[in-house]
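Here is a short note for a colleague who has not looked at this entry before. The points below can be read alongside the sequence and the coordinates.

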Amino acid sequence: MADNTADLHKIYLSGRRAARLVKYGAGLALLVFGFWTVSFLEIPMDRLFGLFGRLGPMLANRIFPPDLAYATDWKVLLSLVETIEMSILGAFFGTVIAIPLAWWAAWNITPNRTILYPFARAVIVLCRSVPALILGFLLVAIFVFGPFAGVLALTIGTIGFTGKLMAEQAETIDMGPVEAMRATGAGPLKVFIFGIWPQVKPAWSGIIIYNWDARLRGSTILGFVGAGGIGLHLRLQISQLEYHAAMGIIILVVVLVIFSEAMSHFLRERLR
Amino acid sequence: MMPAANPTLIQNPLRQPADLLRRYTIYAVIVAVILAMSVHLLVYGTDWSRMGSPSEIAETAISLLPNLNFIPKIVSPLLDTALMAFWGTLLAVVMSVPVSYLAAATTTPSMIFTFPIGRGLIVLSRSTHEIIFALIFVATLGLGPLPGILALACRSVGFMSKTTAEAMENVDRGPIEAIAATGAGPTARFLFGVVPQVFPMFLGNAIFAFDANVRRAAILGMVGAGGIGLHFSEQMKSYNYGNAGACVLAVVILVVVGEIVSNRIRTKLISG
């Protein structure tokens with residue numbers, strides 16, 4: 001037994017040394033792994049170092065004066081409106097579906113732990129794990145070209161996104177009111193409306209607004225696969241190598257996203 | 001407050017007629033807006049004559065069921081995707097150190113010149129879709145995983161820098177003052193006063209960014225930036241829906257595994 005401070009100090013130091021050895025070993029392994037991956041990915045290092053030499057002239061000649069006259073054409077602006085509408089509709093429908101799913105997928109308040117809980121969890125995980133662009137491509141193939149597929153893709157994206165966040169939030173609520181409601185013999189729906197909803201409403205409202213913001217970002221690109229919105233124009237200009245016009249659209253999209261972010265920030269601050 | 005007709009009756013102030021009217025007006029406006037948008041986008045914006053009959057839709061959906069024989073061919077691009085996410089995150093982590101240094105009000109050298117630069121970079125990175133970055137880098141660097149890595153790095157550096165800058169602004173001033181009292185210079189104050197407080201959160205966010213980057217990397221191939229997205233869009237465009245379904249299955253598995261792994265690591269980091 002270590003009963004004097006010198007021994008204790010030695011034990012402490014050796015423990016730290018072992019911990020440090022593990023840390024450095026892990027770091028070294030990560031580094032070796034990293035450099036192996038460079039050869040696996042066949043990354044041409046010379047191109048990487050030539051990047052800045054090429055990026056400058058390309059930005060200056062092919063991209064720089066962005067064609068804002070094209071980007072403010074009424075056709076493009078109309079598709080921008082379509083993009084915003086898609087994001088709002090997708091966020092709305094998705095939220096309507098996600099609210100009961102989040103209720104079922106929160107372990108502490110779920111009405112049924114054997115069937116509804118795993119079902120809701122599985123739906124949310126599935127909706128989360130398919131990237132929006134891939135989903136849009138699939139839905140365009142299954143249904144039809146246009147904003148219908150886009151809205152559906154955004155709806156599914158919303159279910160995955162808000163469902164998870166809302167369920168996580170609901171798992172942190174105070175169980176007192178819920179149990180009091182249950183003790184009066186109220187059914188699951190009444191428990192939800194009067195015991196759970198008032199508690200989760202502020203946080204869920206924030207999540208819903210934030211989700212709309214995120215969906216708007218996603219919807220600007222869905223047109224790439226023909227699922228409606230401004231992405232289609234971007235795709236067309238890129239395919240025709242009209243980088244000036246494409247840059248005009250990109251600037252339009254960035255302005256829209258910055259605006260939406262500011263708006264969602266403002267709304268969430270007001271909720272607080 | 002309106003005087004209650006019956007003094008013994010306690011009235012809910014939120015149930016005053018004026019408040020009820022206001023609330024229901026808001027509901028009515030929301031419903032009207034949603035309805036108008038649905039009519040515009042989903043009824044008039046969609047080409048319903050091209051939408052197949054239910055049996056045709058079901059047929060397409062069934063033909064999308066994964067063709068498992070294709071799985072061995074996409075293991076390598078799937079690994080590419082994961083490695084792209086890894087490198088993109090690593091680059092973003094490295095890039096976020098100077099950017100967050102510029103964008104944190106407490107550390108930035110000049111509030112007039114460098115602070116807006118840092119904030120502007122963060123906003124630009126966060127509001128531009130990864131596909132747009134990928135398009136620019138593919139145009140300058142050619143096809144392959146390298147432009148994908150750079151696109152992911154540019155996309156996630158904003159998130160990393162924003163969270164880090166906010167953490168650096170909110171650090172406890174006590175340790176820094178204690179270190180300053182020993183006569184330490186600004187470098188030592190930063191290294192031993194700020195970094196230890198920020199580091200665990202920084203690491204957690206890096207893992208979160210990796211998780212998000214796995215999702216993003218899966219679609220970058222659709223514009224030629226390497227990974228599984230290229231195979232997916234090729235198979236979709238050549239109407240090999242079974243093979244495309246296999247790609248989607250692979251992406252779903254990758255994303256779910258990535259999420260589970262990153263959740264594990266993060267909870268371990270938080271618990272110590």
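1. The domain bounds used here come from an automatic or database domain assignment. On that basis, domain 1 and domain 2 of chain A have centres 40 Å apart, taken over C-alpha atoms. Domain 1 of chain A covers 5-49, and domain 2 covers 68-271. Please keep in mind that this is a predicted model.

2. Chain B is also divided into two parts: domain 1 is 1-51 and domain 2 is 65-271. For chain B, the C-alpha centres of domain 1 and domain 2 are separated by 41 Å.

3. How many helices and strands does chain A hold? The count is 12 helices and zero strands. Chain A has a radius of gyration of 26 Å, whereas the globule rule gives 19 Å for 272 residues, so the chain is more spread out than a compact globule. The C-alpha trace of chain A spans about 75 × 65 × 40 Å along its principal axes.

4. Two further figures describe chain A. Of its 272 residues, 41% are buried. Among contacts in chain A with a separation of 6 or more, 73% join residues 24 or more positions apart.

5. The contact between the chains involves 44 residues of chain A and 43 residues of chain B. On the side of chain A that touches chain B, 34 residues are nonpolar, four are polar and six are charged.

6. The largest nonpolar core has 135 residues. Which of them touch the most other members? They are Leu133(A), Ile134(A) and Ala153(A), together with Ala134(B) and Val251(B). Helix H8 of chain A (residues 147-170) supplies the largest share of this core, with 13 residues.

7. Leu133(A) deserves a separate look. Apart from neighbours within four places in sequence, Leu133(A) is in contact with Ile221(A), Leu222(A), Phe224(A) and Val225(A) in chain A, and with Ile219(B) and Met222(B) in chain B.

8. Leu249(B) lies in helix H10 of chain B, which runs over residues 241-271. Is Leu249(B) buried or partly exposed? A residue needs 20 or more other C-beta atoms within 10 Å to be buried. Leu249(B) has 18 C-beta neighbours inside 10 Å and therefore counts as partly exposed. Gly148(B) is 101 residues away from Leu249(B) along the chain, and the C-alpha atoms of the two are 21 Å apart.

Methods
Residues are numbered from 1 along each chain as its sequence is written. Chains are lettered from A and ligands numbered from 1 in the order in which they are written. This is a predicted model: local features need pLDDT of at least 70, side-chain atom pairs count only at pLDDT 80 or more; totals for chains, interfaces and linings use all residues. Two residues are in contact if their C-beta atoms, placed from the backbone, lie within 7 Å. Ala, Val, Leu, Ile, Met, Phe, Trp, Tyr, Cys and Pro count as nonpolar, Asp, Glu, Lys and Arg as charged, and the others, Gly among them, as polar. Helices (H or I, at least four residues) and strands (E, at least two) are DSSP runs, numbered from the N terminus. The radius of gyration is taken over C-alpha atoms; the globule rule is 2.2 Å times the number of residues to the power 0.38. A residue is buried if 20 or more other C-beta atoms lie within 10 Å of its own, exposed if 12 or fewer, and partly exposed in between; C-beta atoms are placed from the backbone. A nonpolar core is a set of buried Ala, Val, Leu, Ile, Met, Phe, Trp, Tyr and Cys residues joined through C-beta atoms within 7 Å.
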